Amino acid sequence: MSESSCDSISNSMMMTCFCGEVTRFTSRTSLNPGRKFYRCSKPKIENYGFWRWKDSSPGNSFIEVNLLKSKLECCVEMENLRESLNAVKIERDKFLKKMENLESLNYFEVNKSRNLEAKVSKLKMLCILSFTVFVVFVVAIFK
Ligand SMILES: [Zn+2]
């Protein structure tokens, strides 16, 4: 059996109920407004629950499956992106903590260098003072 004859058999089977009586209806739902469909003509208790969209062919369902597949791939992609975003956020928090540590270290070093500067200027003053005292002393001796 070739593929095309198999398709035509399944197509013709799709539009008829086992009882051979179908009626065409028009959908009134908000999801499929105005879309035509076939349903078994027999009352609900007797029928086989048969119904099909008029435009539902194997080609259409193939397109729908592909659409759903691409949507699913998008979802997976989004999930991956979300995961990498979380990883990036964790990495960022680590860097922020490191930066805080460095900043506090820097603050400490700045304070230390300020203290050293103050000490150096005190020593300078002391040197100038002792030199002055020495000069005054030498001048007093050689008078
Ligand atoms: Zn039927």
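Are C17 and C40 buried or exposed? Both C17 and C40 are buried, where buried stands for under 20% relative accessible area, exposed for over 50% and partly exposed for the range in between, with a 1.4 Å probe and protein chains only. The model is a predicted one, in which local features need pLDDT of at least 70 and side-chain atom pairs count only at pLDDT 80 or more, while totals for chains, interfaces and linings use all residues. Residues are numbered from 1 along each chain as its sequence is written, and side-chain values use heavy atoms, with hydrogens and water left out.

The protein contains 2 helices and 3 strands, arranged along the sequence in the pattern α-β-β-β-α. Helices (H or I, at least four residues) and strands (E, at least two) are DSSP runs numbered from the N terminus. Of the 143 residues in the protein, 8% are buried.

The strands are joined by antiparallel pairing. Strand β1 (residues 22–26) pairs with strand β2 (residues 36–40) over 5 bridges in the antiparallel sense; two strands are taken to pair if DSSP finds at least two bridges between them. Within this pairing, F25 has F37 of β2 as its bridge partner. Strand β2 also pairs with strand β3 (residues 51–53), again in the antiparallel sense, over 3 bridges. Here the bridge partner of R39 is W51 in β3.

C17 lies in the loop between α1 (3–14) and β1, and C40 in strand β2, so the pair ties together parts that are 23 residues apart in sequence.

In an unreviewed entry, UniProt places a "transmembrane region" at residues 123–142; its positions are given in the numbering used here, feature names are shortened, and annotations may be inferred rather than shown by experiment. This span is 95% helix and 0% strand, with its end C-alpha atoms 28 Å apart.

F131, F134, V135 and V139 form a nonpolar surface patch with about 400 Å² of accessible area together. Patches are made of residues with over 30% relative accessible area and no salt bridge, with like charges joined within 9 Å and nonpolar side chains (Val, Leu, Ile, Met, Phe, Trp, Tyr) within 5 Å. A salt bridge is a side-chain nitrogen of Lys or Arg within 4 Å of a carboxyl oxygen of Asp or Glu. Accessible areas come from the Shrake-Rupley method with a 1.4 Å probe, and for residues only the protein chains shown count as cover. V135 is found in helix α2 (residues 58–141) and counts as partly exposed because its relative accessibility is 35%.
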